[in-house]
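Here is a short briefing to read with the structure open beside you.

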Amino acid sequence: MSNDQPYPHAGVQLNHTAVHASDRYLSAEFIAAILGLEVGAPFGPFLPVDLGNGVTLDYCEKRDEPIQSQHYAFLVPDEQFDAVIARLKVIGVTYYADPGHTDPGRVNDLFGGRGAYFDDPDGHNMEVVTRPYARP
């Protein structure tokens with residue numbers, strides 16, 4: 001692609017991403033339970049969680065080396081945010097207002113919405129937000 005051609009943004013969409021886990025069932029069930037979703041049928045080495053917008057998290061096991069922590073952010077409807085926080089509380093998972101996990105038990109109000117961060121069973125830094133980040 002040359003510098004004078006515009007990048008074709010309109011046709012590009014994320015379809016799926018692989019999420020490494022020490023136990024794909026545990027991790028997939030965890031995020032599905034927190035977000036109020038369901039785990040799909042295994043597909044080869046993957047265990048998918050359909051996010052409902054055409055994107056799946058495909059959990060796959062990685063046991064030969066440590067899991068590298070990643071960040072995953074989920075846009076949830078405002079009316080579902082309190083239920084997500086309640087599910088975290090029920091299973092005893094601490095949530096934080098900040099990505100560095102220094103403000104426990106609180107949510108943030110960035111970009112006119114609400115948000116919180118929490119760890120999944122393998123230490124991935126998960127985030128739920130009710131408003132997308134404002135981009136310059």
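**Salt bridges and their surroundings**

Arginine 106 is partly exposed, since its relative accessibility is 49%. Please keep in mind that this is a predicted model. Arginine 106 pairs with aspartate 103 in a salt bridge, with 3.3 Å from N to O, and that is one of five salt bridges found in a search of the whole structure.

- Aspartate 82 belongs to helix α2 and arginine 114 to the loop between α2 and β5, so here the linked parts are 32 residues apart in sequence.
- Arginine 114 is partly exposed, with a relative accessible area of 25%, and aspartate 78 is partly exposed with 35%.

**The sheet**

- Three strands make up an open sheet in the order β4-β6-β5, and the pairing is mixed. Why is one side of β4 and of β5 left without a neighbour in the sheet? Both β4 (71-75) and β5 stand at the edges, and each has a single partner strand.
- On average, neighbouring strands of this sheet are turned by 20° against each other, direction ignored.
- β4 and β6 (residues 125-129) run parallel and are joined by five bridges.
- Opposite alanine 73 you will find glutamate 127, in β6.

**Helices across the sheet**

- Helix α1 (residues 24-35) lies across β4, β5 and β6, and runs at about 160° to β5.
- Helix α2 lies across β5 and β6, at about 30° to β5.

**A nonpolar surface patch**

- Which residues form a nonpolar patch on the surface? They are Leu110, Phe111 and Tyr133, which together have about 260 Å² of accessible area.
- Phenylalanine 111 is in the loop between α2 (78-90) and β5 (115-119). With a relative accessible area of 42%, phenylalanine 111 is partly exposed.

Methods. Residues numbered from 1 in each chain as written. Predicted model: local features only at pLDDT ≥ 70, side-chain atom pairs only at ≥ 80, totals over all residues. Heavy atoms only, no water. Patch = residues over 30% accessible without salt bridge, like charges linked within 9 Å, V, L, I, M, F, W, Y side chains within 5 Å. Areas by Shrake-Rupley, 256 points an atom, 1.4 Å probe, with all protein chains shown as cover. Salt bridge = Lys/Arg side-chain N within 4 Å of Asp/Glu carboxyl O. Helix = DSSP H or I, 4+ residues; strand = E, 2+ residues; numbered from the N terminus. Buried < 20%, exposed > 50% of the residue type's maximum accessible area, 1.4 Å probe, protein only. Pairing = 2+ DSSP bridges. Axes fitted to C-alpha atoms, helices over the stretch in contact; angles between N-to-C directions. Contact = heavy atoms within 4.5 Å.
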